[in-house]
Amino acid sequence: MQRMEAVGVPRFKAGEPRNAVSHQRSCRLSGACLFILPGLLYLALMSVYPMLYVFKISLGDKADRFIGLGNYVRALHDPYFLLTVKQSLIFVILSATAHVTLGLLLALLLNQPMNRLFRSTMRSLIMAPWAITPVVVAVIWRLLYNPHLSIIPTILRSVGLKVEWTLLGNPSWALVAVTVANIWFSLPFYMLMMLASLQSIPDELYEAASIDGAHAVQRFRFVTIPHMRNILITLLLFDFIGAFVFFDLVWVMTKGGPANRTELMATYAYRMAFERFDFGYAGAVAVLMFFIMLMFSLGLLFLLRRED
Amino acid sequence: MFVLGMKHRKLFRSALVYVATLLVALIMAFPVFWMISLSIRPLGETFAPTLIPTQIDLQAYVKILTNPSLRIPFVNSMVVATSSMFLALLLGLLTAYGLSRYRFRGSNAVLMFVIGNKMFPPVLLTVSYFYLVTRVKLYDTLLAVILMDTVITLPFAIWMLRNYLDTVPRELDEAAIIDGCTRLGALVRVVLPVSVPGVAATVVYCFLLAWNEFLFAYTFTQSPENQVTSIKIASLQGQFWTDWPTLLGYSVLFTIPILVMFLAMQRYLVQGLAAGSTK
């Protein structure tokens with residue numbers, strides 16, 4: 001907080017003229033409350049309360065009778081749930097790795113000197129997937145993975161590759177296919193955030209490093225990476241939080257099939273609630289999903305912070 | 001051996017950068033191009049398609065625009081997205097202003113609480129919402145969807161607006177207050193007019209979030225007259241047969257307005273979202 005206190009300057013010219021008076025502190029707090037409360041109440045009622053209410057739901061059975069931790073015990077013995085945990089982990093780790101590495105590469109590429117018009121045109125083209133909603137992403141990739149409607153098998157055949165182009169129907173490839181769609185559509189977001197961070201690195205740092213004899217790789221290692229460390233951690237966390245609980249894309253693209261091979265924790269919880277009407281179990285799965293997500297995010301944060 | 005001079009090496013490097021950038025841009029944009037390209041072909045040409053359509057057929061678009069059951073979802077999406085955006089803007093502006101102008105003990109904790117809401121999995125919330133919505137009899141209403149979408153838009157609105165308001169000098173409000181404005185008056189008459197870029201970015205982003213929302217609408221609306229566009233798109237996909245040109249044309253009409261808004265606002269959006277995290 002900035003305060004200018006100079007002898008002889010009239011009080012109203014100071015940065016915060018009234019905050020020195022002690023009883024004003026409570027006034028300030030109540031003033032702040034008037035502004036802040038409506039928004040906070042909304043979130044408390046519509047977000048925090050439902051969040052806590054799930055815990056209560058998860059302690060009941062199908063007929064809403066209290067069964068303690070029964071649903072949690074059941075989940076830990078449910079092979080389908082364990083499969084969804086594994087598949088969610090694959091989905092999240094592949095996505096996050098690709099987002100951060102490809103995003104950084106693209107950001108570095110777009111940060112190279114080039115014609116301004118060319119750069120902004122290319123940037124707009126690369127950004128296009130970001131504006132596409134997950135439901136439409138699912139439609140687009142179902143189209144590209146469709147053996148009859150896609151151009152990709154035609155291209156592959158023209159270069160002499162004979163492939164079966166039925167990725168979404170193939171249990172061993174479906175999860176990868178869904179992950180690729182996920183990587184594609186949020187890559188621009190990660191790229192733009194990293195580009196913003198790259199552009200905020202002062203040129204003097206690079207110049208100083210050059211004068212000290214650092215070559216390009218060293219400049220990247222000792223100037224770029226340390227500067228971007230925080231944003232990289234933030235983006236990784238962001239990706240973890242989003243991807244662990246992601247629902248729309250998978251649901252519209254495959255509904256968890258074929259043979260449950262693209263079922264993720266979120267789609268499984270949803271299926272239990274709104275197809276099997278087993279809300280207690282669905283609640284338990286959702287709560288476990290939340291804690292697994294939290295555990296991994298905090299673990300990541302801990303690991304990366306420790307290296308400081 | 002072929003040795004490149006300094007000048008040639010620079011030229012080669014620059015050419016490489018251009019080619020690589022172009023290639024990446026084409027790959028990233030290709031799926032969108034493919035969606036548009038297939039939506040303007042006659043049905044017969046969508047199977048085993050060529051890269052460039054040989055025949056243009058806007059039949060799918062005519063069908064969408066003349067069929068009321070395909071048109072209603074657009075109106076509903078507009079209503080839902082606009083309402084949720086206004087609600088988020090109203091609540092968000094007040095909260096953001098409070099957080100930006102009053103620095104009290106715990107104001108950072110409040111901000112963390114707001115951001116923390118983004119961590120709650122939407123699927124988890126739907127399980128609870130099901131009980132709440134049936135209890136207050138809001139099942140199958142657009143109001144329920146608006147209220148739920150605002151849970152997603154509001155934290156973003158608060159975050160983006162607070163970041164922007166922090167860049168507006170406090171002296172402005174204080175001058176207005178000395179001139180006889182109330183705090184609220186200062187916000188509306190003085191701070192808001194100079195915050196147009198920040199507010200615009202927030203408005204666009206909140207609109208998009210609500211426009212794109214799928215899960216809540218999918219779960220809590222049922223009748224055709226309450227369908228929003230994202231649900232209609234999902235329901236146009238058949239289990240065994242899909243009318244692809246209609247589905248794709250629908251997706252294109254759903255996407256184009258957003259794409260235009262996005263590209264027009266890209267600078268402000270990146271600034272708004274990246275603020276505070278790129279340090």
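The legends below go with several close-up views of a predicted model.

**View 1. Chain A as a run of helices.** Chain A holds twelve helices and zero strands. Reading from the N terminus, its elements follow the order α-α-α-α-α-α-α-α-α-α-α-α. Of its 308 residues, 52% count as buried. If you look at contacts in chain A between residues at least 6 apart in sequence, 67% of them join residues at least 24 apart.

View 2. To get your bearings around A:Phe81, look for A:Ala75, A:Met265, A:Tyr268, A:Tyr281, A:Val285 and A:Leu288, which A:Phe81 touches when residues up to four places away in sequence are left out.

**View 3. Helix H12 of chain A against helix H5 of chain B.** Here H12(A), residues 279-306, packs with H5(B), residues 122-135, at an angle of about 150 degrees, and the two axes lie 9 Å apart. An angle over 145 degrees counts as roughly antiparallel, so that is how H12(A) and H5(B) run relative to each other. The crossing of H12(A) past H5(B) is left-handed. On the H12(A) side you will find A:Phe279, A:Ala282, A:Gly283, A:Ala286, A:Val287, A:Met289 and A:Phe290, and they meet B:Val123, B:Leu124, B:Val127, B:Phe130 and B:Tyr131 of H5(B). Sorted by class, this contact has eleven nonpolar residues, one polar and no charged ones.

**View 4. Helix H4 of chain A alongside helix H1 of chain B.** H4(A), residues 116-127, and H1(B), residues 6-39, pack at about 30 degrees, with axes 8 Å apart. Angles under 35 degrees count as roughly parallel, so H4(A) is roughly parallel to H1(B). Their crossing is left-handed. From H4(A), the residues A:Phe118, A:Met122, A:Leu125 and A:Ile126 meet B:Tyr18, B:Thr21, B:Leu22, B:Val24, B:Ala25, B:Met28 and B:Ala29 of H1(B). The class count for this pair is ten nonpolar, one polar and no charged residues.

**View 5. Helices H3 and H9 within chain B.** The axes of H3(B), residues 68-101, and H9(B), residues 196-212, come within 8 Å and cross at roughly 135 degrees. That angle makes H3(B) oblique to H9(B), and the crossing is right-handed. H3(B) contributes B:Phe74, B:Ser77, B:Met78, B:Ala81, B:Thr82, B:Ser84, B:Met85, B:Ala88 and B:Leu89, while H9(B) contributes B:Val199, B:Val203, B:Cys206, B:Phe207, B:Ala210 and B:Trp211. By class, the contact has twelve nonpolar, three polar and no charged residues.

View 6. A:Ser95 sits in helix H3 of chain A, residues 79-110. With a relative accessible area of 0%, A:Ser95 is buried. Leaving out residues up to four places away in sequence, A:Ser95 touches A:Thr179, A:Asn182, A:Ile183 and A:Asp239. A:His215, in turn, belongs to the loop between helix H8 (203-211) and helix H9 (216-244) of chain A. A:His215 is partly exposed, at a relative accessible area of 46%.

Key
Residues numbered from 1 in each chain as written. Chains lettered and ligands numbered in written order. Predicted model: local features only at pLDDT ≥ 70, side-chain atom pairs only at ≥ 80, totals over all residues. Heavy atoms only, no water. Axes fitted to C-alpha atoms, helices over the stretch in contact; angles between N-to-C directions. Helix = DSSP H or I, 4+ residues; strand = E, 2+ residues; numbered from the N terminus. Parallel < 35°, antiparallel > 145°, perpendicular 65-115°, else oblique. Left-handed = near helix turned anticlockwise from the far one by under 90°. Contact = heavy atoms within 4.5 Å. Nonpolar A, V, L, I, M, F, W, Y, C, P; charged D, E, K, R; others polar. Buried < 20%, exposed > 50% of the residue type's maximum accessible area, 1.4 Å probe, protein only.
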